[in-house]
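Here is a short briefing on one protein chain. Look at the model first, then read the points below.

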Amino acid sequence: MTLFTNLNNVKILQEILKSFIIQRCIHVSSTINRVQSGRYRVTLKKNRPLTYEMAYKPNEIASKKSWNSWNTSNIDNGNRPMESAIEDMFIRRFMIGTWHSLFLSEILIKRHHNLVRIAGVIRQGFDPRKIYFLTGYTEELLSYYLHCPVKIEIQTIENKENIIYKYI
(Lines give C-alpha, C1' and ligand atoms only; values in the text may rest on other atoms or scores of the structure.)
Protein backbone atom coordinates (compact mmCIF):
# COMPACT_ATOMS: atom_id res chain seq x y z
CA MET A 1 0.00 0.00 0.00
CA THR A 2 1.32 3.38 -0.95
CA LEU A 3 0.94 6.72 0.75
CA PHE A 4 -1.38 8.17 -1.91
CA THR A 5 -3.99 5.48 -1.87
CA ASN A 6 -5.78 7.04 1.01
CA LEU A 7 -7.84 10.11 0.05
CA ASN A 8 -6.96 11.86 3.28
CA ASN A 9 -3.25 11.61 2.53
CA VAL A 10 -3.81 13.24 -0.87
CA LYS A 11 -5.70 16.14 0.74
CA ILE A 12 -2.96 16.59 3.35
CA LEU A 13 -0.33 16.62 0.61
CA GLN A 14 -2.32 19.25 -1.34
CA GLU A 15 -2.56 21.47 1.76
CA ILE A 16 1.17 21.17 2.36
CA LEU A 17 1.89 22.15 -1.26
CA LYS A 18 -0.52 25.13 -1.10
CA SER A 19 1.09 26.43 2.10
CA PHE A 20 4.56 25.93 0.59
CA ILE A 21 3.63 27.86 -2.58
CA ILE A 22 2.00 30.67 -0.61
CA GLN A 23 5.04 31.09 1.64
CA ARG A 24 7.55 31.18 -1.23
CA CYS A 25 5.96 33.88 -3.44
CA ILE A 26 8.06 36.60 -5.02
CA HIS A 27 6.67 40.12 -4.83
CA VAL A 28 7.72 42.47 -7.61
CA SER A 29 7.12 46.22 -7.72
CA SER A 30 8.21 48.94 -10.09
CA THR A 31 11.31 50.98 -9.32
CA ILE A 32 10.68 54.38 -7.80
CA ASN A 33 13.83 56.46 -8.31
CA ARG A 34 15.14 55.27 -11.66
CA VAL A 35 18.29 57.02 -12.79
CA GLN A 36 19.03 57.19 -16.51
CA SER A 37 22.37 58.37 -17.78
CA GLY A 38 22.92 59.84 -21.22
CA ARG A 39 19.33 60.98 -21.67
CA TYR A 40 18.46 64.65 -21.54
CA ARG A 41 15.15 65.80 -20.16
CA VAL A 42 12.86 67.88 -22.29
CA THR A 43 12.42 71.43 -20.98
CA LEU A 44 9.08 73.20 -20.89
CA LYS A 45 10.17 75.96 -23.30
CA LYS A 46 12.09 73.57 -25.58
CA ASN A 47 15.21 75.73 -25.29
CA ARG A 48 17.93 73.23 -24.36
CA PRO A 49 20.39 72.92 -27.27
CA LEU A 50 21.74 69.49 -28.17
CA THR A 51 24.58 68.66 -30.51
CA TYR A 52 24.48 65.71 -32.89
CA GLU A 53 26.47 63.62 -30.40
CA MET A 54 24.06 64.41 -27.55
CA ALA A 55 20.86 63.99 -29.54
CA TYR A 56 20.76 60.19 -29.56
CA LYS A 57 20.03 58.00 -26.56
CA PRO A 58 22.69 55.48 -25.52
CA ASN A 59 20.66 52.51 -26.75
CA GLU A 60 20.29 54.12 -30.23
CA ILE A 61 23.97 54.89 -30.82
CA ALA A 62 24.87 51.63 -32.57
CA SER A 63 21.91 51.68 -34.97
CA LYS A 64 21.45 55.37 -35.80
CA LYS A 65 24.94 56.82 -35.62
CA SER A 66 28.51 55.73 -35.19
CA TRP A 67 30.51 55.15 -32.01
CA ASN A 68 32.92 57.83 -30.77
CA SER A 69 35.75 55.30 -30.69
CA TRP A 70 36.11 52.67 -33.38
CA ASN A 71 38.37 49.90 -32.21
CA THR A 72 39.73 47.25 -34.53
CA SER A 73 42.65 46.19 -32.35
CA ASN A 74 40.98 43.39 -30.36
CA ILE A 75 41.17 40.77 -33.09
CA ASP A 76 43.94 38.65 -31.52
CA ASN A 77 42.14 38.12 -28.16
CA GLY A 78 45.00 39.78 -26.29
CA ASN A 79 44.97 42.55 -23.73
CA ARG A 80 44.81 45.20 -26.46
CA PRO A 81 41.23 46.41 -25.71
CA MET A 82 42.33 47.50 -22.25
CA GLU A 83 45.30 49.37 -23.66
CA SER A 84 43.09 50.99 -26.31
CA ALA A 85 40.69 52.33 -23.69
CA ILE A 86 43.57 53.87 -21.72
CA GLU A 87 45.07 55.29 -24.92
CA ASP A 88 41.71 56.82 -25.89
CA MET A 89 41.48 58.52 -22.50
CA PHE A 90 45.05 59.79 -22.88
CA ILE A 91 44.35 61.07 -26.42
CA ARG A 92 41.22 62.96 -25.31
CA ARG A 93 43.03 64.61 -22.38
CA PHE A 94 46.03 65.45 -24.55
CA MET A 95 43.79 67.04 -27.19
CA ILE A 96 41.83 69.08 -24.64
CA GLY A 97 45.07 70.32 -23.08
CA THR A 98 46.80 71.08 -26.38
CA TRP A 99 43.81 72.57 -28.17
CA HIS A 100 42.68 74.54 -25.12
CA SER A 101 39.09 75.87 -25.48
CA LEU A 102 39.09 75.36 -29.27
CA PHE A 103 37.00 72.18 -29.56
CA LEU A 104 33.25 72.70 -29.77
CA SER A 105 32.34 69.04 -30.28
CA GLU A 106 33.45 65.79 -28.74
CA ILE A 107 36.76 64.33 -29.81
CA LEU A 108 36.19 61.32 -32.08
CA ILE A 109 38.86 58.62 -32.17
CA LYS A 110 38.77 56.14 -35.04
CA ARG A 111 41.22 53.24 -35.16
CA HIS A 112 41.75 51.42 -38.44
CA HIS A 113 44.39 48.70 -38.10
CA ASN A 114 47.54 50.67 -37.31
CA LEU A 115 46.20 54.17 -38.07
CA VAL A 116 44.59 56.41 -35.43
CA ARG A 117 42.37 59.17 -36.81
CA ILE A 118 41.24 61.97 -34.48
CA ALA A 119 38.36 64.17 -35.61
CA GLY A 120 36.50 67.13 -34.16
CA VAL A 121 35.00 70.56 -34.75
CA ILE A 122 36.86 73.68 -33.65
CA ARG A 123 35.81 77.30 -33.73
CA GLN A 124 36.98 79.58 -36.47
CA GLY A 125 38.76 82.88 -35.98
CA PHE A 126 42.29 81.84 -35.08
CA ASP A 127 45.45 82.32 -37.05
CA PRO A 128 45.74 79.46 -39.58
CA ARG A 129 49.45 79.15 -38.74
CA LYS A 130 48.52 78.36 -35.13
CA ILE A 131 46.10 75.64 -36.26
CA TYR A 132 48.67 74.14 -38.65
CA PHE A 133 51.31 74.19 -35.92
CA LEU A 134 48.97 72.52 -33.40
CA THR A 135 47.98 69.90 -35.98
CA GLY A 136 51.58 68.97 -36.78
CA TYR A 137 52.62 69.12 -33.12
CA THR A 138 49.75 66.87 -32.05
CA GLU A 139 50.27 64.35 -34.88
CA GLU A 140 54.01 64.15 -34.22
CA LEU A 141 53.81 63.74 -30.44
CA LEU A 142 50.90 61.30 -30.45
CA SER A 143 52.49 59.15 -33.16
CA TYR A 144 55.67 59.05 -31.05
CA TYR A 145 53.75 58.10 -27.87
CA LEU A 146 51.37 55.58 -29.50
CA HIS A 147 53.95 54.05 -31.89
CA CYS A 148 51.57 54.29 -34.86
CA PRO A 149 50.65 56.96 -37.41
CA VAL A 150 48.15 59.57 -36.19
CA LYS A 151 46.00 61.70 -38.50
CA ILE A 152 44.11 64.79 -37.27
CA GLU A 153 40.89 65.71 -39.12
CA ILE A 154 39.53 69.09 -38.12
CA GLN A 155 36.56 71.10 -39.30
CA THR A 156 36.07 74.75 -38.43
CA ILE A 157 32.80 76.48 -37.69
CA GLU A 158 32.06 80.20 -37.35
CA ASN A 159 29.99 80.27 -34.18
CA LYS A 160 28.82 77.82 -31.56
CA GLU A 161 25.15 78.08 -32.61
CA ASN A 162 25.90 76.34 -35.93
CA ILE A 163 26.77 73.12 -34.12
CA ILE A 164 23.31 72.82 -32.51
CA TYR A 165 21.45 69.84 -33.93
CA LYS A 166 18.08 70.29 -32.21
CA TYR A 167 16.37 71.78 -29.17
CA ILE A 168 14.52 69.79 -26.54
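**Aromatic rings and the overall fold**

The structure holds eight aromatic pairs. One of them joins Tyr52 and Tyr56, and this pair is edge-to-face. Keep in mind that this is a predicted model.

**The Tyr52 and Tyr56 pair**

- The ring centres of Tyr52 and Tyr56 lie 5.5 Å apart.
- Is Tyr56 buried or exposed? Tyr56 counts as buried, because its relative accessibility is 17% and the cut-off for buried is under 20%.
- Tyr52 has a relative accessibility of 35%, so Tyr52 counts as partly exposed.

**The Tyr144 and Tyr145 pair**

- Tyr144 and Tyr145 also form an aromatic pair, and this one is tilted.
- Their ring centres are 6.0 Å apart, with 55 degrees between the planes.
- Tyr144 is exposed, because its relative accessibility is 60% and exposed means over 50%.
- Tyr145 has a relative accessible area of 44%, so Tyr145 is partly exposed.

**Asp88 in its helix**

- Asp88 sits in helix α4, which covers residues 80-98.
- The relative accessible area of Asp88 is 9%, so Asp88 is buried.
- In sequence, Asp88 and Leu108 are 20 residues apart. In space, the distance between them is 9.4 Å, taken from C-alpha to C-alpha.

**The chain as a whole**

- How many helices and strands does the chain have? There are five helices and six strands.
- Along the sequence, these elements follow the order α-β-α-α-β-α-β-β-α-β-β.
- The chain has 168 residues, and 24% of them count as buried.
- Take the contacts with a separation of 6 or more: 58% of these are between residues 24 or more positions apart.
- The accessible surface of the chain is about 13,100 Å². Carbon and sulfur atoms account for 57% of that surface.

Conventions:
Residues are numbered from 1 along each chain as its sequence is written. This is a predicted model: local features need pLDDT of at least 70, side-chain atom pairs count only at pLDDT 80 or more; totals for chains, interfaces and linings use all residues. Side-chain values use heavy atoms; hydrogens and water are left out. Helices (H or I, at least four residues) and strands (E, at least two) are DSSP runs, numbered from the N terminus. Buried means under 20% relative accessible area, exposed over 50%, partly exposed in between (1.4 Å probe, protein chains only). Contact means heavy atoms within 4.5 Å. Accessible areas come from the Shrake-Rupley method with a 1.4 Å probe; for residues, only the protein chains shown count as cover. Rings of Phe, Tyr and Trp (its six-membered ring) pair if their centres lie within 6.5 Å; planes under 30 degrees apart count as stacked, over 60 as edge-to-face and the rest as tilted.
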